[in-house]
There are 2 protein chains.
Amino acid sequence: MTVALPSWVADIALPTSHGDDDVMRYVIDLARANVEHGTGGPFACAIVSDAGEILGVGVNLVEQERCCVFHAEVVAIINASEHMQSWDLSAEHGATLYTSAEPCAMCMGAIPWSGVHRVVIAARDEDVRVIGFDEGAKPSDWISVYQRRGISVRRDVLREESIAVLREYATRGGLLYNA
Amino acid sequence: MTVALPSWVADIALPTSHGDDDVMRYVIDLARANVEHGTGGPFACAIVSDAGEILGVGVNLVEQERCCVFHAEVVAIINASEHMQSWDLSAEHGATLYTSAEPCAMCMGAIPWSGVHRVVIAARDEDVRVIGFDEGAKPSDWISVYQRRGISVRRDVLREESIAVLREYATRGGLLYNA
């Protein structure tokens, strides 16, 4: 199954390498465009194999799809799974999930099920909460829990650029869709 | 968006009332049939409005959809949201989510985003782990966290009946699809 992405996604320039900064710049470009086009919340995600292939992309589509689970990370996992035809996204190569903001409780729970072995994050949890979003209840030591599962976490990659997108959403009065 | 359910779902007798036991019996019938038909893991879910309408149903479809996020609860939330055309499942009436087993970390994180104000559970977390499934890292006080959010939790409704389905899955050598 695929979650249909907004048509403008095809117009966003792909990363020129699969270095963390280049991929995250692409992810933040997606998040910014999601805000500018009014297609959803200020969040985006990409899953990239260790061989450099983009396996799946997601933007926040809660409002557009009228469904609370369509956070960027869940959309990217669904689309990458369709592309791979597998529930294990590391079935061929290892894979890294890039997200423009620290996962909420749901996405934090989902990511280990996907098989990715690395997570790269731009904005922090507190940057998301400060504009009014609810991140839910996460174990305070979730990064250690990930590490014990063999998932490494890198934070603060282009954090300020992601915060600028969060602020832009707040300035525009974007919907806080937590039920 | 709808997640297509197996065709046999239409053959399962609907609950005769919206009392907890009757709805849970229906949910466990769905979980058992999912095992018997080989369409997925031993888990099912239904979301029912306070007015007694079944808003959405889900069974575990990780293997069939080849995607790790399609736990029964997520499938039910997606289908109920399509039915309601809203990310808030309590937009008209309050709603209760019935699940045949205690939610994993992902589903625990997802449920508060759905707007349901009550969760009813059959099997416990430890009943799921004992057959080999990973439930992920949840805050140990997640039920208190739910209560503080205005979500009440009732456990152990037809627990033994749900455990019997879990055991049947294990006996058949059902796939443990955690990546």
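Two strands count as paired if DSSP finds at least two bridges between them, and strands here are DSSP runs of E, at least two residues long, just as helices are runs of H or I of at least four residues, both numbered from the N terminus. With that in hand, look at Leu97(A): its bridge partner in strand 4 of chain A is Val119(A). What you have is a predicted model, where local features need pLDDT of at least 70, side-chain atom pairs count only at pLDDT 80 or more, and totals for chains, interfaces and linings use all residues. Residues are numbered from 1 along each chain as its sequence is written, while chains are lettered from A and ligands numbered from 1 in the order in which they are written.

Zoom out, and chain A has an open, mixed sheet of 5 strands in the order 2-1-3-4-5. Strand 2 (54-59) and strand 5 (152-154) of chain A are at the edges with a single partner strand each, so one side of each has no neighbour in the sheet.

Now for what packs on the sheet. Helix 1 (residues 20-36) of chain A touches strands 1, 2, 3, 4 and 5 of chain A, whereas helix 7 (residues 159-171) of chain A touches strand 3 and strand 4 of chain A.

Then there's the partner chain: 35 residues of chain A are in contact (C-beta atoms, placed from the backbone, within 7 Å) with 35 residues of chain B. Helix 4 (105-114) of chain A is among the helices that each supply at least two residues of that side, and its 8 residues are the largest share.

Definitions and conventions: Contact = placed C-beta atoms within 7 Å. Axes fitted to C-alpha atoms, helices over the stretch in contact; angles between N-to-C directions.
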